[in-house]
Amino acid sequence: MKRSLTRRLVPLVAAIAALAATPTTSVAQDTQAAPSASHRQLAVGPQYDSTHVYVEPGTEQAFVASWVATFGGRTIGPNATQVTPTPSRTLSELVLSPVGTLSVFDYTTPVPYPFGSERTGWLVTDLDQAVRAARTDGAAVTVAPFADPIGRDAVVQFPGGISAQLYVHTTPPSYPDLASVPENRLYLSPDAVGAFLRSYLAFTGGRIVSDDRRADGAAIGLPGTVYRLLRLTSGFGATTVAVTDGHLPYPFGRELTGYGAADLGATLERAKAAGASVLWGPVRADGRDSAMVRFPGGYVAELHTDR
């Protein structure tokens with residue numbers, strides 16, 4: 001019986017561990033970091049970079065059902081387990097959907113600090129090398145490497161307070177390619193964005209795709225205003241950075257990730273039928289339609305037309 005339970009737990013724990021006016025469009029050349037060759041080898045692929053979703057207690061099943069009904073995909077779990085280096089208990093489930101991977105946590109104990117502040121889990125090729133690179137590139141290691149049953153993890157924080165969990169598995173996982181690569185959505189102040197970009201781009205081996213200093217504020221709930229919008233890309237996937245004065249209406253800034261949809265209208269209808277609520281939009285701004293959606297359990301996500 002114990003051996004059978006272990007067989008069920010190991011794949012699950014492996015999965016869940018994966019865990020703003022100024023002139024027109026311009027590219028911030030001064031923040032274009034030149035990463036070393038070793039840095040470029042850290043990322044494995046965006047399907048292994050999961051958003052960490054901490055749901056309200058007792059809502060894990062409702063959230064997962066709503067998400068899969070909206071986007072499709074499959075799940076691994078759920079199961080009660082420990083995913084932190086100090087004692088804790090959470091009902092955890094991995095969601096492999098065509099628009100992105102999610103690690104879902106429904107804690108039955110208090111969440112040990114600083115867990116819950118990390119946005120994503122990034123699979124890296126070498127954890128020790130990744131931790132050294134993060135420090136070299138100006139990030140802080142907020143949770144030193146720790147072991148889990150089938151690998152190791154650490155949490156790093158980039159300037160501006162942006163945290164990510166890094167992980168490796170003893171046996172490398174294999175997840176399907178994504179139909180649409182999700183966007184890690186960040187909100188930063190003008191004071192913090194320069195240091196963040198230098199550190200983040202160096203660590204991820206990324207580059208700035210676009211830097212629009214007069215982006216349409218309707219996309220962040222502020223029609224009639226402009227803000228600075230950067231789009232980044234790297235082996236860890238896509239990142240958008242909204243540079244604002246912090247005067248944001250709810251729920252903007254509460255979302256962690258943006259998800260692309262081939263038919264936004266139909267996707268929103270499926271989401272509503274599955275218990276989600278549309279908090280803003282859809283609106284057209286910056287060349288695409290977008291909306292803000294709250295799923296059961298409290299998870300807020302941005303949905304947009306895929307391109």
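Q: A polar contact is a pair of N or O atoms within 3.5 Å; within protein, one must be able to donate a hydrogen and the other to accept it. With which side chain does the side chain of Asp289 make a polar contact?

A: This is a predicted model, and the contact is read from its atoms. The partner of the Asp289 side chain is the side chain of Arg284, at 3.4 Å. That distance falls within the 3.5 Å limit, so the pair counts as a polar contact.

Q: Where is Asp289 found, and which residues is Asp289 in contact with, leaving aside its neighbours within four places in sequence?

A: Asp289 belongs to strand S15. Setting aside neighbours within four places in sequence, its contacts are Leu264, Val283, Arg284, Leu303, His304 and Thr305. Thr305 also shows how sequence and space can be read together: Asp289 and Thr305 stand 16 residues apart in sequence, with their C-alpha atoms 5.6 Å apart.

Q: Is Asp289 buried, partly exposed or exposed?

A: Residues under 20% relative accessible area are buried, those over 50% are exposed, and those in between are partly exposed. Asp289 has 25% relative accessibility and is therefore partly exposed.

Q: How do I read a positive phi, as in Asp286?

A: Most residues other than glycine have a negative phi. Asp286 is not a glycine, yet its phi is positive, at about 55°. Asp286 sits in the loop between S14 and strand S15 (288–294). With a relative accessible area of 23%, Asp286 is classed as partly exposed.

Q: Which peptide bonds to a proline are cis?

A: The general idea again comes first. Most peptide bonds are trans. Here, the bond from Tyr113 to Pro114 is cis, and its omega is near 5°. Another cis bond joins Gly281 and Pro282, with omega about 5°.

Q: What separates the C-alpha atoms of Ala65 and Gly275?

A: A C-alpha distance is read beside the separation along the chain. Ala65 and Gly275 are 210 residues apart along the chain, and their C-alpha atoms are separated by 9.3 Å. Ala65 lies in helix H3 (residues 60–71) and is partly exposed, at 48% relative accessibility. Another pair can be read in this way. Pro78 and Val95 are 17 residues apart in sequence and 9.9 Å apart from C-alpha to C-alpha. Pro78 is in strand S2 (residues 74–81), and its 36% relative accessibility makes Pro78 partly exposed.

Q: How many residues line the largest pocket, and which lie nearest its centre?

A: A pocket is described by its volume and its lining. The largest pocket holds about 400 Å³ of space and is lined by 20 residues. Nearest its centre are Gly116, Arg119, Gly253, Arg254 and Leu256. Strand S1 (50–54) and strand S8 (162–169) are the elements that give two or more residues to this lining. S1 gives the most, with three residues. By residue class, the lining has nine nonpolar, eight polar and three charged residues.

Q: How many helices and strands does the protein have, and how many of its residues count as buried?

A: Totals place the single residues in context. The secondary structure comprises six helices and 16 strands. Among the 307 residues of the protein, 54% count as buried. The protein exposes about 12,900 Å², and carbon and sulfur atoms supply 53% of that area.

Notes. Residues numbered from 1 in each chain as written. Predicted model: local features only at pLDDT ≥ 70, side-chain atom pairs only at ≥ 80, totals over all residues. Heavy atoms only, no water. 1 Å grid on protein atoms, 1.4 Å probe; cavity = no way out; pocket = protein on both sides within 12 Å on 5 of 7 lines; lining within 4 Å. Points joined across faces, edges and corners; volume = space filled by probe spheres on them. Helix = DSSP H or I, 4+ residues; strand = E, 2+ residues; numbered from the N terminus. Nonpolar A, V, L, I, M, F, W, Y, C, P; charged D, E, K, R; others polar. Buried < 20%, exposed > 50% of the residue type's maximum accessible area, 1.4 Å probe, protein only. Areas by Shrake-Rupley, 256 points an atom, 1.4 Å probe, with all protein chains shown as cover. Contact = heavy atoms within 4.5 Å.
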